[in-house]
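Open the model in a viewer and keep the sequence at hand. The stops below say what to select next and what is there.

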Amino acid sequence: MNAIPATHDVRKHILDVAYPLMLRKGFTGVGLAEILSTAQVPKGSFYHYFGSKEAFGEAVLEAYFSDYLLHVDALMAQPGSGAQRLIAYFEDWREAQTGSDPEGRCLVVKLGAEVCDLSEPMRAALDRGTGAVIARLARCIERGRADGSLAAAPDPQTTARTLYQNWIGASLLAKIQRRSEPMVQAMAGTRLLLGLPAQS
């Protein structure tokens, strides 16, 4: 067995290793033995950081949202109007869900329906994380209304929630159908809801 990372990195290493496994197999489809073998850490190290597989699943989700929100913040900090930033965010989402990198896929889509009935802490982590994403979208819509680029957009909070729900649903349908059309339709619906011209 190869040497495990330095102590302060072990917890992050285990989470990093588990993320792609869960994207491929889901939460219940990944056993503890597979996580330990892939991470090359002993069982004791796992339980030093995580009291149970459920606590581990919650930590995976929290780490995922922590990284994802940094990515969202970086997109929202790009130059441009509120409308341009918001469309850039959804273009990035579409690319991540339909691109060639499987690790760019949305963990919410993969685990949401699976774990919410299994684990209250994991459901709560999903609720907190998705709520934080929606809040950022609402702030971007508010900026767009202020700068005039999204003057026709409805109430920012309601619009942000509607858009996020639409894109989660489109991502799920894209997985089911193995086609990109749901994502294309989500973008068209987004532009319509925001009062933006259709793409040519």
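Start by selecting K53 and F27: K53 lies over the face of the F27 ring, 4.5 Å from the ring centre. A charge counts as sitting over a ring if NZ of Lys or CZ of Arg is within 6 Å of the ring centre and within 35 degrees of the ring normal.

This is a predicted model, in which local features need pLDDT of at least 70 and side-chain atom pairs count only at pLDDT 80 or more, while totals for chains, interfaces and linings use all residues. Residues are numbered from 1 along each chain as its sequence is written, and side-chain values use heavy atoms, with hydrogens and water left out.

**Aromatic rings**

Next, show the rings of Phe, Tyr and Trp (its six-membered ring); two of them pair if their centres lie within 6.5 Å, and planes under 30 degrees apart count as stacked, over 60 as edge-to-face and the rest as tilted. There are 14 aromatic pairs by this rule. One of them joins F50 and F56, edge-to-face, with 5.0 Å from centre to centre and 75 degrees between the planes. Both F50 and F56 are buried (under 20% relative accessible area; exposed is over 50% and partly exposed in between, with a 1.4 Å probe and protein chains only).

Now move to F90 and W167. Their ring centres are 4.9 Å apart and their planes are at 20 degrees, so this pair is stacked. It links distant parts of the chain, 77 residues apart: F90 is in helix α5 (residues 82-98) and W167 in helix α8 (residues 156-177). Helices are DSSP runs (H or I, at least four residues), numbered from the N terminus. F90 and W167 are both buried.

Then select F46, Y47, Y49, F50 and F56, which ring pairs link into a cluster.

**Cysteines**

How many disulfides does the whole structure hold? The search finds zero, a disulfide being a pair of cysteine sulfur atoms within 2.5 Å. C116 is partly exposed, at 30% relative accessibility. C140 is in no disulfide either, and the nearest cysteine sulfur, that of C106, is 18 Å away. C140 is buried, with a relative accessible area of 0%.

**Confidence**

Last, colour by pLDDT, the predictor's confidence in each residue, from 0 to 100. The chain has a mean of 91, and 93% of its residues reach 70 or more. Among the elements of the chain, helix α7 (residues 120-147) has the highest mean pLDDT (97) and helix α1 (residues 7-25) the lowest (88). Finish at residues 1-5, where pLDDT stays under 50. Where pLDDT is low, the predicted coordinates should not be read in detail.

Note on methods. Helices (H or I, at least four residues) and strands (E, at least two) are DSSP runs, numbered from the N terminus. Contact means heavy atoms within 4.5 Å.
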